[in-house]
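Subject: Structure handover

Dear colleague,

Please find the structure below, with its sequence. My notes on what was found in it follow.

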Amino acid sequence: MYKKQMTIQKAVCLFVLATSVIVFIYSLGIMTDLYDSLYSAIGDAANRENTRRNTVAGAFIYYDMQGFNKQFLHLSIGLILMSLLLFITNTHTRRRYYIGNVLAAAANVIANVYVAFWAHTRIAAFKNEFLKIDFEALKKFSDRRHTYYTESTFWFDLHNLVFCLAILACILLVANIIWKFSLMKKEQHLIDAGKGVAA
């Protein structure tokens, strides 16, 4: 049973690392469509109130998201570093878990849940802001300037899948810890029983 559990615990730790990398890649890609379709549609970036010079109403979401995207990128890098803690503490290979392994797993769960909640609330708000863009004006601008045009919310919606994977990784990590300590407890009972017979 231990051999099977240790194989699974290694897979779980690798999955946690993989999901943190996916979050990082997503943080790099979330602004792709916004840059391609909206950057050139902002007439006067320094003065958002000057609607006469701002070609498309609502296009300023591109600038509104810059601060969030920078924070999101930093947090995603933090998730990768946090997942490496599982390997530094040998949580992926250790036969018996100690306090360091539990703390490493707990830190990953807390960090992933926090980032998922933090990003979800902000991305949902930005999606609503995106949907308020004057798409008719954006389409005319795109046809005139031959720029990329999209009304798709794909990059906003993708976060649901990305963070579902991150939360799933947390659930598996917790399940692995519970399974590990269950096996350790059974093993200790067998050891104690063996000592009792020997005595």
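How many helices and how many strands does the protein chain have? The protein chain has seven helices and zero strands, where helices (H or I, at least four residues) and strands (E, at least two) are DSSP runs numbered from the N terminus. Along the sequence the pattern reads α-α-α-α-α-α-α.

Two points on the source. This is a predicted model, in which local features need pLDDT of at least 70 and side-chain atom pairs count only at pLDDT 80 or more, while totals for chains, interfaces and linings use all residues. Residues are numbered from 1 along each chain as its sequence is written, and side-chain values use heavy atoms, with hydrogens and water left out.

Burial. Of the 199 residues of the protein chain, 39% count as buried. Buried means under 20% relative accessible area, exposed means over 50%, and partly exposed is in between (1.4 Å probe, protein chains only).

Helix packing. Two packed helices are described by the angle between their axes and the distance between the axes. Axes here are lines fitted to C-alpha atoms, for helices over the stretch in contact, and angles run from 0 to 180 degrees between N-to-C directions. Angles under 35 degrees count as roughly parallel, over 145 as roughly antiparallel, 65 to 115 as roughly perpendicular and the rest as oblique.

The axes of helix H1 (residues 2-29) and H4 come within 9 Å and cross at roughly 165°. H1 is therefore roughly antiparallel to H4. The crossing of H1 and H4 is left-handed, a term used if the near helix is turned anticlockwise from the far one by less than a right angle (right-handed if clockwise).

For helix H4 (residues 66-88) and helix H5 (residues 99-130), the axes come within 10 Å, with a crossing angle of roughly 160°. H4 and H5 are therefore roughly antiparallel to each other, and their crossing is left-handed.

Val 109 lies in helix H5 and counts as buried because its relative accessibility is 19%. Ala 169, in helix H7, is buried, with a relative accessible area of 1%. Ala 169 and Thr 19 are 150 residues apart in sequence, and 7.3 Å separates them in space, C-alpha to C-alpha.

Surface patch. Which residues form a nonpolar patch on the surface? They are Val 113, Ile 167, Leu 168, Ile 171 and Leu 172, with about 370 Å² of accessible area together. Patches are made of residues with over 30% relative accessible area and no salt bridge; like charges are joined within 9 Å, nonpolar side chains (Val, Leu, Ile, Met, Phe, Trp, Tyr) within 5 Å. A salt bridge is a side-chain nitrogen of Lys or Arg within 4 Å of a carboxyl oxygen of Asp or Glu. Helix H7 (residues 154-198) supplies the largest share of the patch, four residues. Leu 172 is in H7 and counts as partly exposed, at 32% relative accessibility.

Backbone. Most residues other than glycine have a negative phi. Asn 90, which is not a glycine, has a positive phi of about 60°. Asn 90 sits in the loop between H4 and H5 and is partly exposed at 32% relative accessibility. His 146, also not a glycine, has a positive phi of about 60°. His 146 is in the loop between helix H6 (135-145) and H7, and is exposed, with a relative accessible area of 73%.

Regards

Methods. Accessible areas come from the Shrake-Rupley method with a 1.4 Å probe; for residues, only the protein chains shown count as cover.
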